[in-house]
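Here's a quick briefing to read alongside the model. Have the viewer open as you go.

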Amino acid sequence: GGLFESTQAVEDKFSASTSGGGNGKLKYPIALMTVDEVAYAGGVYNTNLSSPYAWYYTNSTGSSITGTNQWWTLSPGFWGASYSTEWNVFGSNYSGRLNTGRYVDYSDAVRPSISLKSCTKWSSGDGTSSNPYKVSVDDTCANAEN
């Protein structure tokens, strides 16, 4: 009855370990975001968002992390039966707008995201290229399974 499933299949729980219900299939915790993850982070189809509400495409100063470039998600799109498309997110020209119908032969940016342990803490930086975010992990966190 809701937007999300009440339970999630173990096959869909990508993680580095199997403890806590993960599937242990995640070897390198870096990838492109899926359209579901962008939507879960606040992205809305064909709608411009303003900072700080569209944090998935801005840094801590409110600037677009890809400038005016659109960036690909990992999810395929649909634009008729004879076209190959991907979901994408617009850069600063359209403020984090989630869209589909972008043909795969376009040269768009990529914005990788990483999976961090839930106990990881921000240490310094503002997310700009000259002062990137830095995180810290203490021994307890480093040995945690999540």
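A residue counts as buried here when its relative accessible area is under 20%. By that cut-off, 29% of the 146 residues in the chain are buried. Keep in mind that this is a predicted model.

**Overall layout**
- The chain has two helices and eight strands, and in sequence order they run β-α-β-β-β-β-β-β-β-α.
- Take the contacts in the chain with a separation of 6 or more: 45% of them link residues 24 or more positions apart.

**Surface**
- About 9800 Å² of the chain is accessible surface, and carbon and sulfur atoms own 54% of that.
- Leu116 counts as partly exposed because its relative accessibility is 49%, and the exposed class starts over 50%.

**A buried arginine**
- Arg97 is found in the loop joining β3 (85–89) to β4 (98–103).
- Polar contacts do turn up with two asparagines: the Arg97 side chain pairs with that of Asn46 at 3.0 Å and with that of Asn48 at 2.8 Å.
- Setting aside neighbours within four places in sequence, Arg97 touches Asn46, Thr47, Asn48, Asn88, Val89 and Phe90.

Methods:
Residues are numbered from 1 along each chain as its sequence is written. This is a predicted model: local features need pLDDT of at least 70, side-chain atom pairs count only at pLDDT 80 or more; totals for chains, interfaces and linings use all residues. Side-chain values use heavy atoms; hydrogens and water are left out. Helices (H or I, at least four residues) and strands (E, at least two) are DSSP runs, numbered from the N terminus. Buried means under 20% relative accessible area, exposed over 50%, partly exposed in between (1.4 Å probe, protein chains only). Contact means heavy atoms within 4.5 Å. Accessible areas come from the Shrake-Rupley method with a 1.4 Å probe; for residues, only the protein chains shown count as cover. A polar contact is a pair of N or O atoms within 3.5 Å; within protein, one must be able to donate a hydrogen and the other to accept it, and residues adjacent in sequence count only if both atoms are side-chain atoms.
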